[in-house]
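Here are some notes for a colleague opening this structure for the first time. Please read the points in order, with the model in view.

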Amino acid sequence: MIRRILFPTDFSTGAEKARDFAIELATKYGASVDILHAIEPIVWHDDDHSFDDFYKRLEKNADLVLSRTANIFREAKVPHTTRVVIEKRWGAIVEFAAREGSDLIVMGSRVPGLQANSLGTTSHKVFL
């Protein structure tokens, strides 16, 4: 039974298609959806805070776009949550799904079909 769906989004066209599919599945099964956006971190020294303002702006912008995404779920009457994290994308998705007990991950891909050059994509890393 599908009760909880994780929808990681990078706000791309592929993610929009996955969003619509997540809404369709959630409606069909009466599931809730966790909407997650992971901001890929820039590696720097722990004591270097030069990127702090940069990440605050990224988080603020992501929250704004996520609120628009959440409105689409609200209009579809799908229970949902939103979350922005600063972590490696694929790791954040896998960890969130395990921690929160997601039954299914619905995510888009920027690469049509499974091609040799898709081996480094976030969706491929999550799949493995």
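1. Two strands count as paired if DSSP finds at least two bridges between them. Helices (H or I, at least four residues) and strands (E, at least two) are DSSP runs, numbered from the N terminus. With these terms, Ile35 stands opposite Thr82 in strand 3.

2. The model is predicted: local features need pLDDT of at least 70 and side-chain atom pairs count only at pLDDT 80 or more, while totals for chains, interfaces and linings use all residues. Residues are numbered from 1 along each chain as its sequence is written, and side-chain values use heavy atoms, with hydrogens and water left out.

3. The chain holds four helices and four strands. Read from the N terminus, its elements follow the pattern β-α-β-α-β-α-β-α.

4. The sheet is open, and its four strands lie in the order 3-2-1-4 with parallel pairing. Strand 3 (80-86) and strand 4 (104-105) are the edge strands, each with a single partner, so one side of each has no neighbour in the sheet.

5. Which strand pairs with strand 2 over seven bridges? Strand 3 does, in the parallel sense.

6. Contact here means heavy atoms within 4.5 Å.

7. Strand 1 and strand 2 are parallel and joined by five bridges, with Arg4 opposite Ser32 in strand 2. Together with helix 1, these two strands make a right-handed β-α-β unit. A crossover is right-handed if, with the strands pointing away from the viewer, the path from the first strand over the helix to the second runs clockwise. Strand 1 also runs parallel to strand 4, with two bridges between them; Ile5 stands opposite Leu104 there.

8. Are the residues of strand 1 mostly buried or exposed? Four of its five residues are buried, so strand 1 is largely enclosed by the rest of the structure. Buried means under 20% relative accessible area, exposed over 50%, and partly exposed in between (1.4 Å probe, protein chains only). Strand 2 is mostly covered as well, with seven of its eight residues buried. Over the 128 residues of the chain, 35% count as buried.

9. The largest nonpolar core has 19 residues, of which Ile5, Phe7, Val33 and Phe73 touch the most other members. Such a core is a set of buried Ala, Val, Leu, Ile, Met, Phe, Trp, Tyr and Cys residues joined through side-chain atoms within 4.5 Å. Strand 1 (4-8), helix 1 (13-29), strand 2 (32-39) and helix 2 (52-75) each give at least two residues to this core, and helix 1 has the largest share, five residues. A second, separate core of eight residues includes Leu6, Leu36, Val85 and Ala97.

10. Leaving aside residues up to four places away in sequence, Ile5 touches several residues, among them Ala22, Leu25, Val33 and Val106. Of the contacts in the chain between residues at least 6 apart in sequence, 72% join residues at least 24 apart.
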